[in-house]
Amino acid sequence: MSARIASLPDRALVRVSGPDARTFLNGLLTQEVLTLKPGELRFGALLSPPGRLLFDLFLLGQDDDVLLDVAADRRDALIQRLSLYRLRADVTITVDDGTVQVLWPAAADAPGCPDPRLAELGHRHYGTPLPTTAEAADWHDHRLSLGIPDPARDGGTDTTYPIEADLDLLNGIDFSKGCFIGQETTSRMKRRGAIRNRMLPLEVEGDLPPPGTEVLNGDRRAGQTLSGQGQYVMALLRLDRLDGDLTVDGRPARVLWPDWLPRD
């Protein structure tokens, strides 16, 4: 089957260049940047000092630069945040007007870079735009069907820990690298296994509920919906309250547990 190709207008690019670009980003982000090779794509995040998720992003290695793929409505905020941390680092942070595209399913020789989160997501393409054969909504249907959160789109930035958004299971956190902002809280959650909540997709009978709708297990709160489309809604759920009959607005709901997410 030939790949479907869609442009993502809800994504935008930031270019970080200069002699200190990789060192600068490596001290901030959850992902290892020093070993990022030209043409290699990695997934990571910038956290707040207390360890909350501010920006989830992709990092594309280029010869002398690093290209950051971030939510379009968060790009200016990311540039502002990075500029605050720049201090004496010899880096330049600029807007890049390139287009972000996705291809799925994608053969190994397809244009672009494999999505580092999950092979089934296909490729992300940067550069000269390819002719599109699908809409962004089709891509998000595909993403949600695989249970992959998009915190900037589905909700959860600024209030959610990166592990709650599944970044630890989607190659978004390198626990073996050096320090990064918010590392202490993130590493402690992973080390202690103190993970009470995770983003998971729900299937709800009838129309999708609005963001912030309670998910109940009997009369106990099991979480809340974030956002979704089509037949899926992403929700932040308590892992210890998923056994039993879940409801949203009095309607039956079912957790669609992804294959990539272990149950233990």
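How many aromatic pairs does the structure hold? In this predicted model, the structure holds two aromatic pairs. One of them is formed by Phe 43 and Phe 58, whose rings are tilted at 40° between the planes, with 5.1 Å from centre to centre. Because Phe 43 belongs to strand β3 (residues 41-47) and Phe 58 to strand β4 (residues 53-61), the pair ties together parts 15 residues apart in sequence. Both Phe 43 and Phe 58 are buried.

Each of these rings also has an arginine over its face. Arg 117 lies over the face of Phe 43, at 5.5 Å from the ring centre, and Arg 124 lies over that of Phe 58, at 3.9 Å.

The structure holds 18 salt bridges. In one of these, Arg 124 is joined to Asp 69, with 2.9 Å between the closest N and O atoms.

A salt bridge between Arg 254 and Glu 203 has an N to O distance of 2.6 Å. Here strand β15 (residues 251-255), with Arg 254, is linked to strand β10 (residues 197-204), with Glu 203; the two residues are 51 residues apart. Arg 254 is partly exposed, at 47%, and Glu 203 is partly exposed at 25%. Arg 221 and Glu 214 form a further salt bridge, at 3.2 Å from N to O.

Methods. Residues numbered from 1 in each chain as written. Predicted model: local features only at pLDDT ≥ 70, side-chain atom pairs only at ≥ 80, totals over all residues. Heavy atoms only, no water. Phe/Tyr/Trp six-rings, centres within 6.5 Å; stacked < 30°, edge-to-face > 60°. Helix = DSSP H or I, 4+ residues; strand = E, 2+ residues; numbered from the N terminus. Buried < 20%, exposed > 50% of the residue type's maximum accessible area, 1.4 Å probe, protein only. Lys NZ or Arg CZ within 6 Å of the ring centre and 35° of its normal. Salt bridge = Lys/Arg side-chain N within 4 Å of Asp/Glu carboxyl O.
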